[in-house]
Amino acid sequence: MVTVKVTETTSAAAVTQPSPSASPPILAAQDLTIRYGEKPAVVSVNVAIPENRITAIIGPSGCGKSTLLRAFNRMNDYIPEARIDGGVTYRGRDLYAENVDPVEVRRRIGMVFQKPNPFPKSIAKNISWGPAINGFRGDERLLVEEALKKAVLWDEVKDRLNESANALSGGQQQRLCIARALAMEPDVILMDEPCSALDPVSTARIEDLMYELKHLYTIVIVTHNMQQAARVSDFTAFLDAGRLVEFGETEQVFTTPKDKRTEDYVAGRFG
Amino acid sequence: MTRWSDRFPDNLRARRIKARIFRIGCSVLTWLSVALLAVLIYHVTRAGIGWLDWQFLNSFWSRRVTEAGIKAGLLGTLWLVSITAVLAIPIGVAAAVYLEEFGGRSRVNRFLDINISNLAGVPSIVYGLLGLALFVRWCQLGSSLLAGGMTLALLVLPVVIIASREAILAVPKSIRLAAFAIGATRWQTVRYHVLPAAAPGIMTGIILSLSRAIGEAAPIIIVGGATMIFFTPEGPMDEFTALPLQIYNWTTDPKQQFQELAAAGILVLLCVLLLMNASAVYIRNRAQKSRPW
Amino acid sequence: MASAAGSLAIDLDAKRGVRLREGAVVASLFTCALISILTSAGIVIVLFWEAAGFFKSVSLWEFLFGTRWTPLLEPRSYGVLPLVCGTLLVVAGACVIAIPTGLACAIYMSQYASDRTRRIVKPVLEVLAGIPTVVYGYFALTYVTPLLQQVYPDTLVYNAASAGIVVGIMILPMIASFCDDALRAVPESLRLGALALGATRFEVTVQVLIPAALSGIIASFVLAISRCIGETMAVAVAAGGTPNLTLNPAESIQTMTGYIVQVSMGDTPHGTLGYYTIFAVGALLFLMTLGTNLIADRVLHRFRETYE
């Protein structure tokens with residue numbers, strides 16, 4: 001696991017500053033502004049999320065991190081007063097174009113929420129329901145097993161697949177939610193502070209899991225925990241008051257931030 | 001300088017007495033209301049229990065007290081409540097789903113909202129007049145079970161809608177978001193997650209509203225429920241009577257023995273209602289235990 | 001896997017089948033919701049259409065201000081005032097019983113009662129509220145009236161007082177439950193603040209809590225009045241069938257609802273003036289309950305105190 005020691009690594013990262021766009025962007029926000037009523041939550045954000053990498057979005061609470069994340073799979077549609085200007089493209093397609101179906105978007109761009117939210121049904125049903133409604137034809141048992149294995153939950157639950165998901169611990173529930181998202185074979189997984197409701201041991205397991213998964217998926221994670229961002233992510237975006245202050249490779253952002261505000265926040269001197 | 005005790009003469013004793021009288025007054029009135037239920041039940045039971053037997057349950061209307069019974073009323077009530085349930089449950093739940101899940105905050109939906117709460121305050125006798133003109137006359141259904149059942153369905157519809165909405169509203173938002181995030185449409189989310197989770201609450205509301213329909217006499221009288229029925233209804237177009245109607249009829253009979261029959265009928269009616277309420281409470285408690293949120 | 005998804009990603013368009021299915025579902029759900037509007041429209045149209053048949057023969061003036069109501073007997077007369085008066089007499093009787101008692105129950109439950117007591121009192125009140133009104137009619141005629149006759153021997157068999165008393169018992173649970181909610185909605189801090197000044201519970205309740213919860217309390221009274229106006233079976237049984245313009249509660253009277261029941265139980269053929277009278281009376285009844293309901297709504301929203 002990567003541990004960033006802010007003081008040690010200085011010069012090396014500062015010299016090599018590969019642009020985030022080195023790998024082709026899978027998701028990109030263009031001049032994205034989101035308002036709740038009159039209050040802007042995200043202001044003119046331009047950001048390109050690289051494929052098969054983990055990108056962390058950090059910033060003080062209320063800075064618009066979650067709002068930005070939800071714009072990537074149109075979950076903001078469910079906040080009635082949210083208004084969106086600018087655009088988000090996913091592999092070149094405008095997600096907010098007239099004829100785009102948000103349901104189609106979310107089949108490909110999954111999401112894991114802050115609080116584990118398993119369906120009050122069996123463990124197996126939690127996984128198989130998404131594929132089932134989307135017309136999955138194939139071995140359901142295999143699908144469940146595969147998803148649970150990918151989420152490193154299989155060994156813990158394989159004997160009680162038909163028990164209620166509510167009987168699992170919080171950490172297990174969250175991994176179940178990740179498995180549920182994986183079962184849809186998504187292109188991108190958005191994670192909204194996935195560990196904030198979990199204990200340190202469960203947190204570590206989820207971070208390990210993210211590390212495993214990044215070869216297969218693109219992951220965008222919102223976190224208020226800077227250590228977590230530093231540990232797991234390849235790229236980091238720092239948001240403050242709805243504006244994107246800095247975006248770059250995680251090491252660079254944490255060691256040689258270009259902006260004074262980033263420096264203060266990363267050093268814990270913020271606010 | 002005046003001392004504290006001079007500026008605030010000790011009036012605590014008088015105030016305490018006033019407070020105590022108030023408290024005792026409130027408590028006496030409360031326990032009196034509770035006692036009323038006991039008095040009512042005792043009074044009805046004493047008058048009616050002697051008439052409760054199989055013959056009473058299994059006989060039709062008669063001029064002779066000893067031969068009269070509530071068979072037609074019981075069966076009529078059963079028919080009525082079945083028709084009401086078949087109509088009011090799907091329509092009411094669907095309307096509630098629309099208002100909670102698909103409605104949003106448009107002008108039309110606010111109007112629907114206000115309209116439903118106003119309908120809930122319309123007296124039942126007015127629904128009877130609606131049923132009389134609309135179903136009995138204009139639709140030419142006559143004074144049939146169907147006309148009565150449809151009238152009662154309209155009567156309980158607002159109650160079903162309001163109770164179902166509350167149950168749907170109580171389902172946590174996170175479950176909906178979870179379903180949306182894996183590419184479920186709104187209807188799939190509602191169908192597979194929201195409705196199953198809200199089912200116990202909806203059931204409780206439905207049972208309570210149907211028990212209201214069972215006790216209603218006024219709209220049935222207006223629609224033309226008869227009292228003297230000497231056959232068991234065979235289909236929804238038959239004429240009918242209902243238990244509350246028979247009770248009303250016997251209560252207004254000058255002969256005391258018939259009033260005692262009314263009491264026996266009331267005992268049957270109250271037993272049915274008690275059973276329904278108990279099942280509603282049971283469903284609610286069981287759901288509360290198994291519910292994760 | 002990611003590359004496979006990549007090729008899929010081009011197609012984000014809404015699928016026609018899915019869109020059609022969702023559209024059909026929403027349309028049918030909306031239709032069900034629309035039935036409530038149709039019901040309201042139906043009530044208004046039916047009442048006023050059929051009442052119009054009545055007002056072809058009888059002037060609105062005579063109906064509203066005439067003091068004799070004998071539509072089924074010669075000489076016929078169509079002044080609705082005796083029925084309105086009968087209804088109001090029952091309402092007044094019910095309020096005298098239910099308002100103080102209901103409020104006292106609410107105060108007792110929210111301020112004094114232990115949790116255990118609440119667990120007894122609340123369900124009992126719910127049961128009282130759930131008893132069919134025809135049962136209250138029986139209770140009035142066979143229990144309350146004989147009791148009243150013992151106290152005041154001139155009481156008639158059918159009389160306004162016993163109807164008023166049982167209607168009061170019927171609406172008592174509703175007042176108690178609404179007032180209980182209103183009193184509970186007052187923030188605890190207000191209560192503690194008053195207690196900390198050395199006020200007794202009585203003073204806190206009467207001088208702080210009740211004023212703070214006043215809009216909810218008044219609204220519950222108004223709603224209860226609306227229920228009394230529309231209450232049918234208990235008054236049809238107990239109040240009698242003689243439309244009297246009187247304020248004496250020991251006398252027999254007839255309410256608007258009682259009249260409608262009387263006609264419906266009898267044999268008044270469709271199309272006669274007697275048939276139309278029940279719609280004219282029903283329309284008036286509907287307007288009165290609607291009016292009181294709207295007043296209750298207004299009271300609740302206009303005078304509601306907002307707490308942070």
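Across the interface between domain 1 and domain 2 of chain B, the count of salt bridges comes to zero; a salt bridge here is a side-chain nitrogen of Lys or Arg within 4 Å of a carboxyl oxygen of Asp or Glu. This is a predicted model, and local features need pLDDT of at least 70, side-chain atom pairs count only at pLDDT 80 or more, and totals for chains, interfaces and linings use all residues. Residues are numbered from 1 along each chain as its sequence is written, chains are lettered from A and ligands numbered from 1 in the order in which they are written, and side-chain values use heavy atoms, with hydrogens and water left out.

Back to chain B: its domain 1 covers 15-51 and its domain 2 covers 54-290, with bounds that come from an automatic or database domain assignment. Taken over C-alpha atoms, the centres of these two domains of chain B sit 31 Å apart. Six residues of domain 1 of chain B and ten residues of domain 2 of chain B make up the contact, where contact means heavy atoms within 4.5 Å. Together the two domains of chain B bury about 710 Å², with carbon and sulfur atoms giving 81%; buried area is the accessible area (1.4 Å probe) that two parts lose on being put together, summed over both. One residue pair is in polar contact between domain 1 and domain 2 of chain B (both at pLDDT 80 or more). A polar contact is a pair of N or O atoms within 3.5 Å; within protein, one must be able to donate a hydrogen and the other to accept it, and residues adjacent in sequence count only if both atoms are side-chain atoms.

Ten residues of domain 1 of chain C touch eleven residues of domain 2 of chain C, and about 890 Å² is buried between them, 87% of it from carbon and sulfur atoms. On the domain 1 side of chain C, the trio C:Leu47, C:Glu50 and C:Phe54 supplies 63% of the area buried against domain 2, more than any other three residues. Between these domains of chain C there are zero salt bridges and zero residue pairs in polar contact (both at pLDDT 80 or more).

Now for the chains themselves. Chain A brings 22 residues into contact with 21 residues of chain B, and the pair buries about 1,800 Å², 69% of it on carbon and sulfur atoms. Zero salt bridges turn up between chain A and chain B, but three residue pairs are in polar contact (both at pLDDT 80 or more).

Chain B and chain C meet through 69 residues of chain B and 77 residues of chain C. They bury about 6,500 Å², and carbon and sulfur atoms give 80% of that. In chain B, B:Phe22, B:Leu129 and B:Tyr248 lose the most area to chain C, together 9% of what that side buries. One salt bridge crosses this interface of chain B and chain C: B:Arg15 pairs with C:Glu203, their closest N and O atoms being 2.7 Å apart.

As for disulfides (pairs of cysteine sulfur atoms within 2.5 Å), the count over all chains is zero. A:Cys63 can't form one because its sulfur is 18 Å from the closest cysteine sulfur, in A:Cys195.
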